[in-house]
Structures are given as structure tokens and as C-alpha cells.
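Here is a short report for a first look at this structure. Keep the sequence and the 3D view open while you read.

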Amino acid sequence: MKVSRRAFVAGGAAAGAAIVIGIKLPRLFGQAGVPRMRGPAESGPFQAWVRLTPDGKLGLIVAKSEMGQGISTGLPMILADEAGVDFNDVSIVQAETDPELYRHLGTGGSGSTMEGYEPLRTAGAQLRALMIAAAAQPWKVPESECAAADSMVTHAGSGRKATYAQLFKVASTLPLPSADSVKLKDPSQFTLIGKEVPRIDVPSKVNGSARFGLDTRLPGMVYAVIARCPTFGGKPARFDATKAMAVPGVVKVFEVPPVQQSFTAGGIAVVAKNTWAAFKGREALDITWDHGPHAGENSATLRRQLLDATTAPGKSIVDHGKVDEALASAAKRMEAVYEFPFLAHATMEPMNLTAHRTADGIELWAPTQSPDWIQGAVAQLLKLSPKDVVVHTTWMGGGFGRRYHTDFGVEAAQIADVIRQPVQLVWSREDDIAHDFYRPAACHRMSGGLDAQGNPVAWLDRLASTSIRAWWQPSAPPEQQEVGGAGNAYAIPNFRLEYAPVASGVPRMWWRSVENSFNGFAVECFVDELAAAAKADPVEFRRKLLQAQQGKNPANPRYAERLREVLETAVARSDWGKPIEQGRGRGVAAFNSFDSYIAYVAEVTVKGSNIKVDRVVAAVDCGRAINPNGVRSQTEGAIVFGLSAALKGEITIKKGAAEQTNFDGYDLIRMPEAPAIEVHIVDSGAELGGMGEPGVPPIAPAVANAVFAATGIRLRKLPFDLAAAKG
């Protein structure tokens with residue numbers, strides 16, 4: 001990864017000028033089941049800018065979205081540390097959506113910090129070297145005798161010092177040091193990286209001054225909602241707007257057609273002077289729906305299809321050894337079926353977007369993870385140049401992958417194109433949950449064999465799911481983004497992973513941690529079942545398999561080693577092995593995704609059929625924790641997010657529609673239900689991993705394994721239903 005050599009000094013020493021460095025970010029390459037590899041920075045446009053102004057303030061203009069994950073603190077920390085700038089002098093500025101200046105404006109895949117780490121460090125080192133040169137030359141001292149810290153250069157021998165603001169004029173006349181020649185700090189010299197830094201976005205979110213998408217207000221703005229067919233793939237057959245138009249405040253009612261390339265459902269738009277009138281107008285609509293081709297779909301038949309798909313061989317994805325022979329000759333054979341429902345994203349801020357169509361183009365205020373994608377989709381829709389689609393990325397109340405989609409932007413543009421005045425499209429909570437793009441429903445059928453000494457000799461995993469790729473791109477292999485994490489980190493001499501897609505009309509999309517959420521559960525529960533069958537301690541069983549696997553992954557030699565280290569850390573910091581009261585249990589799970597390694601030990605109390613998660617001890621290896629405070633927050637959030645799915649989350653389908661429409665049917669765990677959480681960070685010194693998503697997969701299996709320890713009952717279907725599992 002390299003920072004571009006291209007840099008320029010804007011305007012020399014003129015007042016109001018700035019020293020600007022353009023940064024190219026690398027691309028992250030990854031395929032399902034294969035560790036992601038970092039590629040070279042692309043030629044051409046930059047993806048971030050560093051800007052030092054004459055007052056010594058450092059701005060980072062970056063094309064990434066803040067959605068609660070903390071990049072508005074973490075990325076400036078990296079830059080400020082290497083630049084020797086006081087963190088109070090650094091600010092982050094949201095980039096405008098300009099693909100000619102920025103590429104990869106998308107925020108997802110836990111990649112923002114991974115992408116930015118080395119480029120930002122290099123840019124910071126360039127700036128630090130520049131300011132040292134600006135001091136050393138007039139002082140007539142060797143640059144090697146100068147040091148930079150806290151926005152100031154000092155010379156120890158003479159005691160001279162100067163701030164970056166004082167040095168700006170000279171610095172702006174000097175060439176910027178080459179990115180290839182500057183020396184990065186040794187990690188032992190870090191002053192910010194690795195330190196606890198309060199998040200800079202929190203105060204405004206606490207005092208209410210933060211501006212989210214829904215806070216957008218423009219002169220003359222109206223509000224819109226859309227009546228969508230409750231059935232996936234359905235459309236209006238006819239409608240009568242007479243009663244809706246009679247609602248005070250309603251200004252216009254019209255049909256918006258579905259847009260195939262953006263997977264919008266289409267429907268009847270109701271535009272009003274306020275949201276209340278828009279909702280009441282929608283209620284008053286007289287609509288007859290054509291429920292479309294998927295009106296007969298329901299969860300029971302889909303479940304049967306998923307189960308059946310795992311009873312026959314699927315497409316072989318990974319195959320080594322002689323699985324069938326090893327299973328046939330095993331001293332003990334195990335089989336287990338794990339089932340997973342559709343899940344909604346349920347972002348706390350419902351979907352929304354504000355648009356203003358004018359004769360010159362269209363302006364969007366978008367709480368989005370993919371402003372450039374929305375820009376392109378709207379440009380295509382309205383037959384505009386992307387330059388005429390201006391996207392302002394706002395803060396957003398959660399993303400989890402949902403806001404990567406373009407549908408809500410396209411819908412708002414359709415309405416704005418008719419209204420020709422500022423309009424805010426609002427999705428109600430019911431719209432959001434009933435018309436989401438869901439995590440796929442899936443099923444694993446695991447078969448495993450042990451030898452007479454209790455060692456695993458074979459593992460066959462038959463996975464079936466309603467593929468994301470089959471929804472988005474039917475021509476592509478459906479297993480893409482479905483098998484990641486199912487490849488198994490353990491030393492299994494004979495292993496095969498098969499995949500079979502199951503057709504469904506339910507929209508699907510990336511959900512936090514994507515396929516790792518269900519594959520991690522199946523792998524970590526089944527290895528626990530094998531340990532129990534071998535009458536082995538679950539930790540010792542995993543430890544032995546990981547030790548045997550160390551160094552045997554050519555693409556990632558430290559894979560098993562790092563997983564074992566977080567396992568050891570979590571176990572050591574928990575009370576693993578100590579006696580525990582009757583009705584309580586401890587369970588363990590360890591999993592790698594998005595280049596980070598996480599292990600949990602969960603403690604639960606089971607009373608009757610109720611499961612209470614009391615405590616979770618976490619160990620996290622994300623390479624290097626830029627802001628430990630942020631790593632802990634991400635882990636805590638992922639645990640709560642994953643527990644909601646494990647204990648409560650389920651979207652069921654009846655007559656082609658989601659049965660759940662709000663939090664009364666799609667519940668999340670509440671504050672009193674949250675466990676005590678301890679997060680221990682393992683600094684492996686490895687390349688950075690992501691933190692937005694890796695904390696989700698291991699929590700459900702850790703809890704399921706803890707419930708088994710407490711009750712002897714295996715939970716193999718999500719959400720957990722202990723009463724049903726008892727039979």
C-alpha cells in the first residue's frame with residue numbers, strides 16, 4: 001500500500017492557503033471462505049485528503065460514513081499520531097460524493113480502518129517530515145536532531161521550538177517529502193494509537209445537536225410515504241386516491257413504478273405537508289393489490305425445502321481427504337441439523353432520504369453507506385450525469401448493511417422528480433421491517449466421525465440457504481457470500497463442504513457479519529458436540545485441534561495460532577473449569593471473520609425454559625487496536641446485536657409477506673437483559689482486522705454451548721426455543 005506521491009501546496013504562503021496531501025487507499029480483496037488480501041492502491045483519483053491550514057489545524061476529508069462504528073475518531077487518531085499533531089487540532093470532514101475525486105465511497109465489510117491505516121500513517125509521516133524540515137532549515141540544525149509532537153517541532157540541543165502554525169509559511173514553500181522515503185514511527189513511539197480516546201461523535205449525540213438523515217429540514221420541504229404491496233414481488237392492480245387527497249395536508253398521490261436495477265418494490269406515493277398527514281393519507285388509500293408470483297411462499301414450506309436440500313449432495317466447495325470412507329469407518333458418528341431464519345436489519349433510525357429535484361439536477365441528503373452507489377442509481381433513473389446528482393452523506397442511526405442499498409434513494413428521487421420541491425421520504429418502522437432486504441434463511445446438516453480415541457476423523461457440512469447472490473445476480477454462482485467461515489479452522493483430516501441454493505422470493509442482502517453469522521454458529525456448535533461425544537473438555541478439544549492446525553493454512557499461516565490465542569485469553573479471564581451452580585453453565589466459541597479473531601466465554605442461567613445470559617468474557621485480536629475504547633464498544637455492540645438474533649430475532653413468511661412489522665413482533669434484547677461484558681484485547685502485532693462485524697458470529701454458539709452445559713440440551717435452531725428443544 002502506498003500513499004500517492006502526488007501532493008501539492010495550495011497557493012504558496014498566501015493567507016488562507018493550505019497544505020494538502022491526496023491519499024490513495026488500497027482495495028480489499030476477498031472471496032467467501034478465503035482470508036481477505038490487501039491489494040495495491042489504485043492509480044487515478046484519491047480517496048482521502050489531508051489538509052493543514054495556516055492556523056495549524058489538520059483536517060481529514062474522507063469518503064467514509066459514520067454510522068456509530070467510530071471511524072470519525074479512529075481515522076484521525078492514526079493521522080494525528082504519525083503527523084505529530086495534537087489530537088485537539090484534528091477534525092474529520094465528510095467528503096462530498098465525487099467519484100472523480102474519491103473511489104470506494106462505500107462503508108462496509110469492516111474495512112474502513114483496515115484500508116486507511118497505512119495510507120494515513122504515511123500521509124502523517126510526510127507532514128511530520130515537512131514540518132521538521134521547515135523548522136530545521138531556518139534554525140540551521142540537522143533535521144535528525146528535531147522532533148515533532150503536539151503540533152510543535154522542537155530542537156533539543158538549542159531548546160528552540162515552533163508550532164505548526166508558525167512553521168506553515170515556510171513549510172508551504174518546501175517540497176513534500178516522498179511517500180516512499182518517509183520513515184514511519186516504530187509502534188513503541190505511538191502517542192495516540194493504542195490509547196483510550198473518547199469518541200468525538202458522542203457529545204453531539206448526547207446533547208442532541210448531531211444531525212441525522214431524519215433531521216434534514218429544507219425550506220418548503222414536504223414529506224412522503226409509499227404504500228407498498230405487503231407481498232414480496234406484488235404491485236398495485238388499481239388504486240383510488242380520492243379519500244387520501246381529502247386528508248388535510250395531503251398534496252399529491254401518485255404511483256411510483258418498481259425499478260428493477262435498484263430492486264425497489266414500487267407502490268403508491270402519498271406526499272403531504274407533514275408526516276402525520278402522509279401516514280393518514282396512506283391509510284385512506286383504496287388499493288387493490290396484485291400479489292405477484294410469491295404470494296404462496298411461507299416459512300413452513302421454505303423450511304422443508306432447506307432441510308431437504310441438505311439431505312442430498314450439493315456443490316462441492318471444499319473437499320480434502322476421503323470423507324465418506326472416514327465417516328463410514330468412524331468409531332462414533334454424529335449428525336446435527338442447524339436452522340436459521342430470515343433476519344431484519346432493524347436500524348434504530350428508520351430508512352429515510354431527502355431529495356430536491358431542480359432543472360439542473362438533484363440534491364440528496366442521505367444516511368447511506370454507499371453514496372456513490374446511490375448517486376449512480378439516481379443518475380441512471382433520471383437520465384442525468386452523476387455530476388448532476390449531489391449526495392450529502394449524513395450521520396445515520398445504524399447501518400448493519402441495510403443502508404448499503406440504493407432503493408430508498410431511488411424511491412425518493414422518483415417522488416422528487418414529480419414534486420419538484422424538497423421532499424423527505426420516510427419509512428415507518430412497519431415499512432422498514434416488512435420491506436427489508438433480509439439475512440438469508442439457511443440450514444446446515446453436519447456429519448462428523450470420531451476415532452476410538454475421540455479424535456475427529458471426518459466432517460461433512462451440507463449447507464443450504466436462500467442465496468444473497470441469487471437474489472442480486474442470478475447469473476453468478478449462488479454460493480458466493482454464503483459459505484464464508486464454514487471452511488473450518490480445525491484440524492480435520494477428511495473434510496467436505498457442500499452448498500445447495502434454495503429459491504425464495506424474499507429479498508436478501510448483507511446483514512452484519514453476513515454469512516459468518518450462521519456458519520459460525522454451525523461450526524462452533526458442532527465442534528462442541530464432537531467434544532461432548534469424545535467426552536472431552538470443549539476448550540481442550542478445540543485447543544488440541546487448533547494446535548494441530550497451526551501453520552497449515554498457506555494463505556494465512558497464523559490463522560489457527562491467533563484463534564487459539566484468543567481462545568486461551570478468554571478462557572483464562574473467565575472462570576472456566578471452576579464449579580458453577582446448578583442451572584447455570586459456561587460455553588465457549590471462537591471464530592475468525594473480516595481478519596479479526598474473537599473468542600467468547602458465556603455464562604448463562606436457565607430457569608424453566610428461560611435463558612438469561614449473565615456474563616460474556618471476550619478476547620479480541622484485531623491486529624492492533626487503534627482505539628481500545630472503540631474496539632470494546634464494537635465488541636459490546638456486536639454481542640448485544642448477536643444476542644438479539646440468538647434469543648429473539650426471526651422474520652417468518654406467510655402468504656409471501658413478512659409477518660413481523662414492528663418491535664412487538666421483532667424484538668431486541670433490552671438493557672436489563674444485557675449481560676455483563678468484559679473485553680480483553682490481544683495485541684498480536686498482525687495487520688489490522690475489521691471490528692464492525694467479527695463480534696457477531698461467536699456469541700450465539702457460546703450461549704448455545706453454555707445452555708448445553710447447564711441443561712444437557714442442544715439448541716440447534718435460531719432463535720433459541722428451549723421448550724421446543726426439550727421436546
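The report covers a helix pair, some salt bridges, a single threonine, another helix and a few backbone details.

The model is predicted.

**A pair of helices**

Two packed helices are described by the angle between their axes and the distance between the axes. Take helix 13 (residues 516-533) and helix 14 (residues 538-549). They pack at an angle of about 105°, and their axes lie 9 Å apart. Angles of 65 to 115 degrees count as roughly perpendicular. Helix 13 and helix 14 are therefore roughly perpendicular to each other.

Which residues meet here? Helix 13 brings Glu524, Val527, Asp528, Leu530 and Ala531. Helix 14 brings Pro538, Phe541, Arg542 and Leu545. By class, this contact of helix 13 with helix 14 has six nonpolar residues, three charged ones and no polar ones.

Two of the residues in this contact, Glu524 and Arg542, also form a salt bridge. Glu524 lies in helix 13 and Arg542 in helix 14, so the pair ties together parts that are 18 residues apart in sequence. Glu524 is buried, at a relative accessible area of 1%. Arg542 is buried too, at 0% relative accessibility.

**Salt bridges**

The structure holds 49 salt bridges. The table lists some of them.

| Salt bridge | Closest N to O distance |
|---|---|
| Lys205 and Asp201 | 2.8 Å |
| Glu524 and Arg542 | 2.9 Å |

Is Lys205 buried, exposed or partly exposed? Lys205 counts as partly exposed because its relative accessibility is 30%.

**A buried threonine**

Thr73 lies in helix 1 (residues 71-83). Thr73 counts as buried, at 0% relative accessibility. What does Thr73 touch, leaving out residues up to four places away in sequence? The list is Phe87, Val197, Pro198, Arg199, Ile200, Asp201 and Asn627. Asp201 is also the salt-bridge partner of Lys205.

**Helix 17 and what follows**

Helix 17 (residues 699-711) has 13 residues. From its first C-alpha to its last it reaches 18 Å, close to the 18 Å expected. Its buried residues include Ile699, Pro701, Asn705 and Val707. Just after helix 17, Gly712 takes a positive phi of about 80°.

The loop between helix 17 and helix 18 (722-726) holds Pro719. A cis peptide bond joins Leu718 and Pro719, with omega about -10°.

**Backbone exceptions**

Most residues other than glycine have a negative phi, and most peptide bonds are trans. Lys140 is not a glycine, yet has a positive phi of about 55°. Lys140 lies in the loop between helix 2 (112-139) and strand 8 (146-149). At 75% relative accessibility, Lys140 is exposed.

Asn488 also has a positive phi, about 80°, although it is not a glycine. Its place is the loop between helix 12 (468-472) and strand 24 (495-501). Asn488 counts as buried, at 13% relative accessibility.

Methods: Residues numbered from 1 in each chain as written. Predicted model: local features only at pLDDT ≥ 70, side-chain atom pairs only at ≥ 80, totals over all residues. Heavy atoms only, no water. Helix = DSSP H or I, 4+ residues; strand = E, 2+ residues; numbered from the N terminus. Expected span 1.5 Å × (residues − 1). Buried < 20%, exposed > 50% of the residue type's maximum accessible area, 1.4 Å probe, protein only. Axes fitted to C-alpha atoms, helices over the stretch in contact; angles between N-to-C directions. Parallel < 35°, antiparallel > 145°, perpendicular 65-115°, else oblique. Contact = heavy atoms within 4.5 Å. Nonpolar A, V, L, I, M, F, W, Y, C, P; charged D, E, K, R; others polar. Salt bridge = Lys/Arg side-chain N within 4 Å of Asp/Glu carboxyl O.
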